[in-house]
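Please read the following report alongside the sequence and the three-dimensional view.

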Amino acid sequence: MVKRAMIAIGPFHPLQEEAEFFQLYVEGETVVDMDVRISYNHRGIEQLSTQKTFDQVPFVVERVCGICSASHPLAYIRAVEDICGCTVPERAEYLRTIVKELERIHSHMLWLGLAGHFIGYNTVWMWVWKYREPVLETLERATGSRIHYANAKIGGVRRDMDDEALRAIDKAMDDLRGPMEMLTNAVLDDPVIHARLKDVGILTLEDARKWCVTGPTARGSGWAIDARADDPYGAYDRVQWQVRTRPEGDVFAKTVVRCLETLDALDIIKQCVRDMPGGPIDAGVEHVPAGEGCGRVEAPRGEAFHYVRSDGSNKPVRHKIRAPSYVNVPSFKASCIGQHIADVTITLASVDPCYSCTERFATARDATTGRHVMTFADMVRMSQERTRALQKEMGVEPLKLE
Amino acid sequence: MTQAATDPQSASPGGAALADRIAERLGEMVFARTDANPRRTWLSVRPERVREAVRVLWEEFDGRMATASGIDVRDGIEVQYHFSFDRANLVVTLRVLAARPETELDSVGQDLPAANWIEREMHDLLGVRFRGHPDMRRLILSDDWPEGVYPLRRDYDNANERRGPSGAMPPDEAQG
Amino acid sequence: MSWKTWALKKSLWVYHVNAGACNNCDIEVLELLTPAFDVERFGIKLVGSPRHADALLVTGICTRQAKPRLQEVYLQTAKPCVVLCIGSCAISQGIFRHGYHAACCVDEAVREVDPEAIIAYVPGCPPKPEAMIMAVVKALGTL
C-alpha cells in the first residue's frame, strides 16, 4: 500500500509573500487531496469600513492588497455609485482606466517573474522585474505613489494628470512594448517551459464553473468572463480591446492569457492617452442616500466584488469585500489533485493567489506518523530540478533573453 | 464566441428582462422584489426554499455566484447570495433571513462548491449556522478566537478580543 | 567589535516574515533583490530559513493568528539578529490598529519573548526600497 503523507508549506517561507498554509495529501509523489487554512492576514477590514466615512473607506480598502491596490477601491466606489446613481465624468473614467491597466501590467509582470522562479528560471524573474520597475515609476509619476494610488473617489478621481504626465505614460508604454514582446515570445516558445506548464494543473471548464472562479483562472479554462466587458466601467466600452481566453485550462493557458493581457494593456493605455477628453474629473457627490449596491472591477487576478449598504448616514452600514483569490484558491481542490509534487508549486502559483486578499495557509504531514515530510522550499527545489532534468533530456539551451 | 440558441442568458435581451424571467421561474419562493436599476435586482426568498432557489439560478440560468454577504439586522442575520449573469450584465441577489434566535439556514455549499468558504466565513463572523454544510470548520478567525463571539454583529465590542492570549504555536504545526 | 559582529556587518542575511500585511511592503522587499536595486551587491541576501538569518524583515500588523508564529520564528533565528519592522503596519498597526484581529504591534510581540531584542523601524506605507536599504545600513551602524 502506498504511504499517504501530507506536505507542509508554511507558515513562513521565502518567496511566498504571505503566510500560507496548504495541506497537500500525497500518496507516493501524487497529490490526492488538499486543504487550506487561512487567517494569518485577516485584518477585519469589513468591520473597519463601517467606522469610516464613505470617502475615507477607499484609503482603507486599497490596503486590502498591495498588488490589486487600484481594484478594491474602485470596486467599492462603483458599489457606492450604484447606490447614488451618479454619472462619472468621462475624463475621470479615462484616468481610472489608465491606472487600472498600469496595475494590470505590473501585477502580471510580477506573476511572470515569480512563476519563472518557481520553475527554475531565475533569469526570467530578474529580467521581468527589471522591466517592471519603470511601470512602478510611471505609476508614481501619474498618481504620486508606486503602489496605493488613492486616485479614485466616489463620483470621479482625486487628481488630474497633466499633458506632461500623459506624454510620459505614453512613452513608457512605447518603451515597454519591445521588452514585453521579447519576454512573451521567449517564454511561450521555450520547449522546456512547454514541457513544464502544458497539461499541468488543469482546471476543466466544468470545475471552473463549480468553483465560480474568475479572471485568468477562468479565462484560461475557456470561460470568457471579464468584468470590463460584462459590466463596463471606465473607458473599456470606448477603446478597442478583447477578452483573452484559452481552452486548455492548464498553467500554460493561464500564462498565455496573462501575457496577452499585458500587451493589450499597453494598447488600452495608449488609446486612453490619445483619446483623453477634457472636462471635469469629479461629479461632486456630497451625500450617499440610503440603499444598497454592488460594484465590480476586473482586478489582475479576477473580479473584485464589493457590496455596500447605506442607511443615509455618512458611514456605510455594511461593506462586503470579495477578492478574486477567495474564489480562485479553493479551485486547487480540482486542479491539484492527481498532480506530481514537483508540479504543485507552479499549479498553486497559476491562479496568482493574493493571500492578503484572502489569506491562506497550508501544511503537510505524514499521515501515519504525523511527522513533517517536506517543506515548501523542498518542493520549489524539486520543481526547479525537474526543469533542469527536462532541459538535459531535451538537449535544449537555457532560455535566451536579449 | 457564438452563443447557443438555448443559452439561458442570451435568450432575452438585457438584464431587466432576464430578471423578470428569473423572478417568474422562482414564483412563490420569492415574496418581495426590488429593482435598484436595470442591472441590480434583489429577491427576498423564503428561508426554507433558499437551497432550491440557488439551484435554479445556478443550474437553470447559468448564474455565477459572485459571493455571499451577511448583515446583522433587527430580526436576525440577513444573508445575501449574489449571482452574476455575466452576458446580461445583471446581478440578482437572493436575500434570505436567518431569524433569531437560532440564526440557521440550509447550506447552499452542500450543492455548490463555490459557496463552501463563504458560508464558513459567515459562520465565523456572524454566527449563522448552515445546516448540512460539508465542512463547518473555522476559516477566517484565529485558532484561539473564543467561541460564540461574532465580530460583525452589532453588539460586538472589540476591546476584549484584540490582544488575545499570547502563547506558543500549536505543537502539531510544522515549520516552513 | 567582535568577529561575529564584523562578519554580520560584512554580509547581512535576511529572512522575510509576513505577519498579516497587505503584500505591498512584501513586494517592495522582493524588489530589493531585483536589478533595479540589487542589494546582493551589498552582501544582503534573502535566505530560506530563519536559522540562517541575521535580520528579520517583518511586515504586517501581527494578527492574532500570526503572533505566536512570529514569536516562534524570532526564537528560531540565530542571535544576534536585528528585527526590522517594515512599514506603518509593523510599527504601529497603521490603519488597522482598532481591528478585532490585530493582536499587538510587532515590537511588543517580539519583546514578549525577548525583552532585549534589537528592533529597527522603517516607516512608510510602503517604505520605498531606498528607505529600506538605508534602514538596513543604519541598523548595521548601531551594532
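At what angle do the axes of helix α4 (residues 90-118) of chain A and helix α5 (residues 122-143) of chain A cross, and within what distance do they come? The axes come within 8 Å and cross at roughly 160 degrees, where axes are lines fitted to C-alpha atoms, for helices over the stretch in contact, and angles run from 0 to 180 degrees between N-to-C directions. Because angles over 145 degrees count as roughly antiparallel, α4(A) is roughly antiparallel to α5(A). The crossing of α4(A) and α5(A) is left-handed, a term used if the near helix is turned anticlockwise from the far one by less than a right angle.

This is a predicted model, in which local features need pLDDT of at least 70 and side-chain atom pairs count only at pLDDT 80 or more, whereas totals for chains, interfaces and linings use all residues. Residues are numbered from 1 along each chain as its sequence is written, and chains are lettered from A and ligands numbered from 1 in the order in which they are written. Helices (H or I, at least four residues) and strands (E, at least two) are DSSP runs, numbered from the N terminus.

Chain A is divided into domain 1 (4-40 + 327-394) and domain 2 (85-288), with bounds that come from an automatic or database domain assignment. Between them, 25 residues of domain 1 are in contact with 27 residues of domain 2, contact being defined by C-beta atoms, placed from the backbone, that lie within 7 Å. On the side of domain 1 that touches domain 2, α16(A) gives the most, with eight residues.

| Contact of α4(A) with α5(A) | 17 residues | seven residues | one residue |

Chain B has three helices and seven strands, which run α-β-β-α-β-β-β-β-α-β from the N terminus on. Of its 176 residues, 45% count as buried, that is, with 20 or more other C-beta atoms within 10 Å of their own.

The contact between chain C and chain A takes 29 residues from chain C and 32 residues from chain A.

How values were computed. Two residues are in contact if their C-beta atoms, placed from the backbone, lie within 7 Å. Angles under 35 degrees count as roughly parallel, over 145 as roughly antiparallel, 65 to 115 as roughly perpendicular and the rest as oblique. Ala, Val, Leu, Ile, Met, Phe, Trp, Tyr, Cys and Pro count as nonpolar, Asp, Glu, Lys and Arg as charged, and the others, Gly among them, as polar. A residue is buried if 20 or more other C-beta atoms lie within 10 Å of its own, exposed if 12 or fewer, and partly exposed in between; C-beta atoms are placed from the backbone.
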